[in-house]
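This text walks through a structure step by step. Please look at the sequence and the model, then read on.

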Amino acid sequence: MPLADNLATVRERIARACERAGRDPASVELLAVTKGQPPEVVRAAADLGLTLFGENKVQEARAKIPLCPGRLRWHLIGHLQTNKVRDAVHCFAWIHSVDSLRLAEEIDRQANRQARHLPVLLEVNVAGEANKFGYAPDRLLAELEALNQCRRLEIHGLMTLAPWTPTPERVRPVFRRLADLKARCEERLGAPLAHLSMGMSGDFEVAIEEGATLVRIGTALFGERPV
Ligand SMILES: *Cc1c(COP(=O)(O)O)cnc(C)c1O
């Protein structure tokens, strides 16, 4: 079965990247990105032992998650509009894409209504690409204190999407800058942040070498997404 082989290959590549970086492989979590994939694919992945899944659209997740095994953990990795926050807080264990104070405050409000706390990551547009969501690094530092006032949010770290490149080595500086920014945020907050969500199918090994704790992998596991 290709999924089983793909998973073994990805795990092996994660392990080798950890070895190169002198890191414990247990410090890197594999988040299987199932956007565009049907519930059968999620079930097959769950049968192989995967428990952590990522979706980028609230609407798609809302339809799909109830058709998947109940024990799975779901993370929202795509842009979130404020009018979808209620559903997002209902569907997801974590949100990786907090990119404004306004969004954070809405998540805080909905989490409060649903009587829960929400682990979140702050998304950063490290390379300043016009077509990407995420905080500019300076803006994030300026808003960090206010974000930290949202009592129902648990800020666990930072997330980024590196620019697309056929040569992953070229985006190493992007991952390094996210790791540096995390250190600056930790200094400001006076508390450690455990997570860096960075690295996808094309660049996860470099991301791991630069400190990724969550790698978000779709096509390397499931092949090209159905259109
Ligand atoms: C689709 C997606 C991924 C996974 O991309 P692949 O290249 O298929 O591994 C990771 N992160 C985000 C935010 C995505 O939207």
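Start with a cysteine. The sulfur of Cys68 has its closest cysteine sulfur in Cys91, and at 11 Å that partner is too far for a bond. The model shown here is predicted, and this distance comes from its atoms. A disulfide is a covalent bond between the sulfur atoms of two cysteines.

Cys185 is buried, and its relative accessible area is 0%. For the structure as a whole, the number of disulfides is 0.

Now turn to the ligand. The ligand sits in the largest pocket. Residues around the ligand include Val33, Lys35, Ile77, Leu161 and Met200. Also among them are Ser201, Arg216, Ile217, Gly218, Thr219 and Arg225. Sorted by class, this shell has 5 nonpolar, 3 polar and 3 charged residues.

In the side chain of Lys35, an N or O atom is 2.7 Å from a ligand oxygen. For the side chain of Ser201, the corresponding distance from an N or O atom to a ligand oxygen is 2.5 Å. Thr219 takes part through its backbone, where a polar atom is 2.9 Å from an oxygen of the ligand. On its own the ligand has 390 Å² of accessible area, and the protein covers 90% of it.

Technical notes. Residues are numbered from 1 along each chain as its sequence is written. This is a predicted model: local features need pLDDT of at least 70, side-chain atom pairs count only at pLDDT 80 or more; totals for chains, interfaces and linings use all residues. Side-chain values use heavy atoms; hydrogens and water are left out. A residue is near a molecule or strand if one of its heavy atoms lies within 4 Å of it. A polar contact is a pair of N or O atoms within 3.5 Å; within protein, one must be able to donate a hydrogen and the other to accept it, and residues adjacent in sequence count only if both atoms are side-chain atoms. Accessible areas come from the Shrake-Rupley method with a 1.4 Å probe; for residues, only the protein chains shown count as cover. On a 1 Å grid over the protein atoms alone, a cavity is a set of points where a 1.4 Å probe fits but cannot get out, and a pocket is an open set with protein on both sides within 12 Å along at least five of seven lines; lining residues have an atom within 4 Å of a point. A molecule sits in a cavity or pocket if more than half of its atoms lie within 2 Å of its grid points. Ala, Val, Leu, Ile, Met, Phe, Trp, Tyr, Cys and Pro count as nonpolar, Asp, Glu, Lys and Arg as charged, and the others, Gly among them, as polar. A disulfide is a pair of cysteine sulfur atoms within 2.5 Å. Buried means under 20% relative accessible area, exposed over 50%, partly exposed in between (1.4 Å probe, protein chains only).
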